[in-house]
Amino acid sequence: MEGLLYQQVLDPLLGSLGWSALASALPLVVLFALLGIVRMTAWKASLLALAVALLVAVVVYPMPAGQALLSATLGAAFGFFPILWIVINALWIYNMTVTTGDFDVLQRSFARVSRDRRIQAVIIAFCFGALLEALAGFGTPVAITTVMLLSLGFRPLTAAVVSLVANTAPVAYGALASPMVTLASVTGLPLSELGAMTGRQTPVLALIVPIVLVGIIDGMRGVRQTLPATLMCGTTFAVAQFVASNYISVPLTDIIAALLAAGTTVLLLRVWTPRGIDADDADDADSAAAAPGAMSAGDDRGAVLRAYAPYGIIIAVFVAAQIKPIAAALDSVTVAFDWPGLDIRGPGGQALSLVEFEFDWLASAGSLLLIAGLLSILAIGIRPRTALSRYLGTYVQLTWPIVTVMSVLAIAYVMNASGQTATLGNWLAATGGLFALLSPILGWLGVAVTGSDTSSNSLFGALQVTAANKAGLDPVLMAAANSSGGVLGKMVSPQNLAIAAGAVGMAGREGDIFRRVLPWSLLFLLLMCALVFLQSTPVLSWTVV
């Protein structure tokens with residue numbers, strides 16, 4: 001196996017980091033061009049981009065073909081577990097509630113909070129989605145809130161776009177701050193400082209995202225008519241995220257912010273009603289499910305409690321899993337091993353942890369969702385045979401998204417293992433003082449490739465600190481910028497596009513979703529780049545931890 005060892009070279013093309021970076025970018029250029037310009041289905045585009053990544057690894061980089069293929073299999077395995085494992089079990093719970101009719105009750109319950117679908121979308125996609133992100137992350141909020149919006153009468157494309165754009169501000173603290181914990185571990189910087197610094201960046205996004213969501217649904221008319229509610233929601237979330245991350249608890253940041261934002265918005269709606277409530281949304285005129293007539297059916301308290309039960313169970317299971325003795329018991333059966341036959345060394349000859357596969361079959365978010373699903377069978381009274389049928393049907397529903405996600409993660413792992421990702425990162429880091437302006441782009445790139453802020457932080461966190469020290473910039477600021485910029489890559493990540501498309505029956509039309517979310521992703525990224533740059537100067541240096 002020694003003959004298969006591969007030591008990364010970051011400037012393999014003509015000894016130039018710049019030319020090597022151009023070659024390294026080819027898989028990403030091909031992937032996004034096929035999605036956004038050619039309008040190819042995501043699973044085909046991702047397989048072709050994987051072929052390009054393998055070619056670059058073997059032809060441009062001196063990576064043995066065997067090692068390149070093994071790294072692709074490791075990425076594909078990681079794509080299924082833990083990522084798809086989360087999505088499959090989350091959608092299974094939803095599918096069961098649809099079968100029993102409990103989701104219809106949940107829909108009417110949300111409708112009673114406000115008859116305005118625009119407000120419903122903010123509460124579901126932004127607030128409830130943030131809570132799901134806080135507890136599970138890794139695609140769960142997109143999978144669940146997309147189908148919730150669809151059931152409220154939104155067109156599939158709009159439901160997918162709204163859920164993806166909403167899944168931004170909470171991401172840095174998702175899965176109980178897993179991205180922050182990872183960032184602290186790879187940089188050696190204190191978790192409290194990294195969490196606090198990120199909490200002085202992402203709240204800016206939280207302020208505007210609810211307004212943007214309404215704009216996507218109903219244009220400027222909707223923005224004007226719902227502004228008090230969206231400002232209340234965004235401001236509450238932003239303030240709570242800042243306070244919680246800086247003074248209370250980094251892992252609990254999004255839980256606190258999501259609950260407070262939802263609570264204050266609901267309280268506002270008790271004394272204020274948005275204008276234009278009965279008007280059809282410009283983009284979704286076929287919203288019969290959310291029309292006032294859909295709320296005429298009265299649901300008794302027991303039916304409402306049963307409809308909320310699966311989500312209450314999800315929250316309870318995830319909270320219980322954080323209790324130290326329970327968490328220790330769940331982790332005790334985790335199996336971690338180096339991927340057979342894969343031996344990758346860094347440029348300096350050091351062994352890299354990216355060859356390790358952690359099979360936390362009981363502690364993973366997907367397994368906790370499976371446990372919640374099994375408990376939900378009892379709570380909603382569905383027959384076990386029907387529940388099993390719905391479970392198998394979920395795999396069929398997600399056939400092509402499964403291929404897409406596994407292919408995209410294979411691309412990410414080939415790029416990581418060969419050194420393509422590190423080449424891109426080092427090329428950006430060579431910009432000196434301008435790195436403060438480009439730092440969030442590095443995080444965005446990492447998440448766009450892997451679909452995970454946690455993975456992006458593990459890839460580029462240490463590089464951000466190294467570049468900051470070389471350029472005389474604050475390392476905490478640059479490390480936090482990686483995570484804050486990364487959250488904006490979630491909506492264009494092919495794996496998340498595939499999750500959203502699969503959830504609303506648009507598999508094969510991921511390119512349509514991509515074109516709708518890309519402008520928002522780039523606009524938010526530009527805002528974050530400007531903010532981080534100003535924080536690196538005397539203008540906003542007082543905001544740095």
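Guide: Let's take it topic by topic; note that this is a predicted model.

Visitor: Salt bridges, then. How many does the structure hold?
Guide: Seven.

Visitor: Which residues are linked in a network of salt bridges?
Guide: D116, R118, D218 and R221. Within it, the side chains of D116 and R118 meet at 2.5 Å, N to O. R221 also bridges to D218, with the closest N and O atoms 2.7 Å apart.

Visitor: Is D116 buried or exposed? And R118?
Guide: D116 is buried, because its relative accessible area is 2%, under the 20% cut-off. R118 counts as buried too, at 1% relative accessibility.

Visitor: And how accessible are D218 and R221?
Guide: D218 is buried, with a relative accessible area of 5%. R221 counts as partly exposed, at 29%.

Visitor: Where do R221 and D218 sit relative to each other?
Guide: Both are in helix α11. They are three residues apart, so about one helical turn separates them.

Visitor: What about D512? Which residue does its side chain meet in a salt bridge?
Guide: R509, at 2.9 Å, N to O. D512 is partly exposed at 21% relative accessibility. R509 is partly exposed as well, with a relative accessible area of 42%.

Visitor: Switching to helices. At what angle do α5 and α7 cross?
Guide: Roughly 80°. Helix α5 covers residues 102-113 and α7 covers residues 140-151, and their axes come within 10 Å. At that angle α5 is roughly perpendicular to α7.

Visitor: Which residues make the contact?
Guide: From α5, F103, L106, Q107 and F110. From α7, V147, M148 and S151.

Visitor: Next, α8. How many of its residues are buried?
Guide: Nine of 11, so the helix, residues 156-166, is largely enclosed by the rest of the structure. The buried ones are T158, A159, A160, V161, V162, S163, L164, V165 and A166.

Visitor: What covers them?
Guide: The cover includes α6 (117-135), α7 and α11 (202-248). Also included are α22 (494-503) and α23 (510-535).

Visitor: Backbone check. What is the phi of L14?
Guide: Positive, about 60°, although L14 is not a glycine. L14 lies in the loop between β1 (6-7) and α1 (17-24).

Visitor: Buried or exposed, that L14?
Guide: Exposed, at 72% relative accessibility.

Visitor: Last topic, the surface. Which residues make the nonpolar patch of about 400 Å²?
Guide: V333, V335, F337, F359 and W361. V335 lies in strand β2, residues 335-338. V335 counts as partly exposed, at 39% relative accessibility.

Conventions:
Residues numbered from 1 in each chain as written. Predicted model: local features only at pLDDT ≥ 70, side-chain atom pairs only at ≥ 80, totals over all residues. Heavy atoms only, no water. Patch = residues over 30% accessible without salt bridge, like charges linked within 9 Å, V, L, I, M, F, W, Y side chains within 5 Å. Areas by Shrake-Rupley, 256 points an atom, 1.4 Å probe, with all protein chains shown as cover. Salt bridge = Lys/Arg side-chain N within 4 Å of Asp/Glu carboxyl O. Helix = DSSP H or I, 4+ residues; strand = E, 2+ residues; numbered from the N terminus. Buried < 20%, exposed > 50% of the residue type's maximum accessible area, 1.4 Å probe, protein only. Axes fitted to C-alpha atoms, helices over the stretch in contact; angles between N-to-C directions. Parallel < 35°, antiparallel > 145°, perpendicular 65-115°, else oblique. Contact = heavy atoms within 4.5 Å.
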